[in-house]
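User: I would like to learn how to read a few local features of a protein model. Could you guide me through them?

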Amino acid sequence: MWDALNQIELSIMDSLNAVMSGQFIDLFLSFMLFLERGALVWILLTVFLLFDKRFRRVGYMTSLGLGITLFIVFVILKPVFGRLRPLEFIEGYTIIFPIPQTYSFPSSPVAVAFAYTAVLWNSVKMLRVPLVLLSFLIALAEVYVYFSYFSDVIAGALIGIACGIATVWLFDKYTIIKPERNDKSGS
């Protein structure tokens with residue numbers, strides 16, 4: 001099912017790596033991988049949001065959004081599609097990071113990043129630009145190190161945005177946790 005698309009995307013990824021490759025980009029995107037592996041950056045930001053009374057409600061929303069996104073991606077979609085990672089087709093490929101033991105499609109780190117961005121989009125406007133930038137850098141890092149194909153990343157972004165929007169809708173419709181009167185998170 002995936003063979004023709006895999007070959008096309010691998011050749012594009014090879015071209016991207018030939019153009020971008022270098023010590024700085026290797027270190028920088030490795031740092032992005034470090035942040036996204038295990039959802040470290042998202043968990044830390046959620047903890048910060050939960051401890052600050054002004055952002056506690058949105059902290060609950062991000063927790064719910066992460067759970068919904070991970071459930072949909074890991075429990076439903078990855079087993080159904082079963083797409084092998086690009087690095088599995090490259091002879092002698094090595095990387096300093098542990099190779100993910102899950103399937104490639106859709107990209108879970110990208111789905112989580114974009115879900116998180118969608119959840120916070122209207123709640124913490126000051127984080128819009130940094131979150132979008134971080135989400136795109138995580139997507140680039142996934143492709144750069146051959147963890148995910150372009151189509152995996154695009155699907156992950158779309159799924160993440162949909163999960164984020166659904167999370168906000170569900171939270172607004174069904175929760176009893178209302179914003180604080182002095183909530184400044186929207187400014």
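User: Where is S148 found?

Analyst: In this predicted model, S148 is found in the loop between α6 and α7, the latter spanning 150–174.

User: Is S148 buried or exposed?

Analyst: A residue counts as buried when its relative accessible area is under 20%. S148 has 0% relative accessibility, so S148 is buried.

User: Which residues does S148 touch, leaving out those up to four places away in sequence?

Analyst: Contact is judged by heavy atoms within 4.5 Å. On that basis, S148 touches M13, R85, P86, S104, S107, E142, V143 and V153. With E142 there is also a polar contact of 2.8 Å between the two side chains.

User: How do the axes of α5 and α6 cross?

Analyst: Angles over 145 degrees count as roughly antiparallel. The axes of α5 and α6 (residues 128–144) cross at roughly 170° and come within 9 Å; the two helices are therefore roughly antiparallel to each other.

User: Which residues of α5 and α6 meet?

Analyst: From α5, the residues are P109, V110, A113, F114, Y116, T117 and L120; from α6, they are L131, V132, S135, F136, I138, A139 and E142. This contact comprises 11 nonpolar, 2 polar and 1 charged residues.

User: What can be said of S108: is it buried or exposed?

Analyst: S108 belongs to helix α5, which covers residues 108–120. The cut-off for burial is again under 20%, and S108 counts as buried because its relative accessibility is 8%. Apart from neighbours within four places in sequence, S108 is in contact with V73, F74 and K78.

Terms used:
Residues are numbered from 1 along each chain as its sequence is written. This is a predicted model: local features need pLDDT of at least 70, side-chain atom pairs count only at pLDDT 80 or more; totals for chains, interfaces and linings use all residues. Side-chain values use heavy atoms; hydrogens and water are left out. Helices (H or I, at least four residues) and strands (E, at least two) are DSSP runs, numbered from the N terminus. Buried means under 20% relative accessible area, exposed over 50%, partly exposed in between (1.4 Å probe, protein chains only). Axes are lines fitted to C-alpha atoms, for helices over the stretch in contact, and angles run from 0 to 180 degrees between N-to-C directions. Angles under 35 degrees count as roughly parallel, over 145 as roughly antiparallel, 65 to 115 as roughly perpendicular and the rest as oblique. Ala, Val, Leu, Ile, Met, Phe, Trp, Tyr, Cys and Pro count as nonpolar, Asp, Glu, Lys and Arg as charged, and the others, Gly among them, as polar. A polar contact is a pair of N or O atoms within 3.5 Å; within protein, one must be able to donate a hydrogen and the other to accept it, and residues adjacent in sequence count only if both atoms are side-chain atoms.
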